[in-house]
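Student: Before we begin, could you take me through this model slowly, setting each value against the definition behind it?

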Amino acid sequence: MAASSKNVQTCKFTWKGYSGSYETDDSQKKLIFKYQQQPSSGPKPGSMYHTCLGSQAFEPDTGRFYWEFATCIDNLKVGVALPDCPNDEEMGYNSKSWAVYIQTGECEHGRVERLEPEGVQRRLWRLVVPISGGRFGCLLDTKSGTLQLFFNGEYQGMAFDEASGIKGKTVHAAVGLAGIEDNNRAIGFGNKYCQIIDSAAAPKISSVEKKVIC
């Protein structure tokens, strides 16, 4: 028997407040990582995974919200961030952002250094994303302060639980893109992106998934 997805509000917003690492199309729904052509020296230093916020604010105790976006890459972070989160810092590496690092499944908040456990609250063991990307969905409960992750309509697990620090705070949907990948060099400039899907409905979580997937 499937769990009910009733009382989940769908979302419709645009990207805002992004750093010089990004640009958007005219609709402001397609976020493009600018430094995606592979130079001999690698990507521009300090340009990767900068936090970009969605325009809609989710205040505490206002219900459950689901949003979804499509991307053609796996080199990104997804999650939420506070309204005043710096847009020129890596997502998940400060106290104002909560990020799932898609390449590893690590759920980061206040992380200090890559490959070190400090600032990693948990790891989503089920998450396997092809380099061609797909559709990511986030289900935020503003009462409990939890964030659950979906990929191509399938439940991936609880990214951030009630002890994560989200509870009681106003947050925005957020992403951080890198877009430099050895396996995806054929994708040229302007094609590595993250695009919002308006009013996407929340997938159902089966009772089995609730028991087996943390």
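Tutor: Accessible areas here come from the Shrake-Rupley method with a 1.4 Å probe, and for residues only the protein chains shown count as cover. On that basis the protein chain exposes about 9,800 Å², of which carbon and sulfur atoms supply 49%. This is a predicted model, in which local features need pLDDT of at least 70 and side-chain atom pairs count only at pLDDT 80 or more, while totals for chains, interfaces and linings use all residues. Residues are numbered from 1 along each chain as its sequence is written, and side-chain values use heavy atoms, with hydrogens and water left out.

Student: Why is threonine 71 called buried?

Tutor: Buried means under 20% relative accessible area, whereas exposed means over 50% and partly exposed lies in between (1.4 Å probe, protein chains only). Threonine 71 has a relative accessible area of 5%, and therefore it counts as buried. Across the protein chain, 50% of the 214 residues count as buried.

Student: What makes strand 6 largely enclosed by the rest of the structure?

Tutor: Strands (E, at least two residues) and helices (H or I, at least four) are DSSP runs, numbered from the N terminus, and the protein chain has 15 strands and one helix. Strand 6 covers residues 64–71, with threonine 71 among them. Because six of its eight residues are buried, strand 6 is largely enclosed by the rest of the structure.

Student: How do you know that strand 6 pairs with strand 11, and in which sense?

Tutor: Two strands pair if DSSP finds at least two bridges between them. Strand 6 and strand 11 (residues 134–141) are joined by eight bridges and run antiparallel, with tyrosine 66 opposite leucine 139. Strand 15 (residues 193–197) also pairs with strand 6 in the antiparallel sense, over four bridges, and there glutamate 68 stands opposite isoleucine 197. Strand 1 (residues 8–10), by contrast, runs parallel to strand 6, joined to it by three bridges, and glutamine 9 faces phenylalanine 65.
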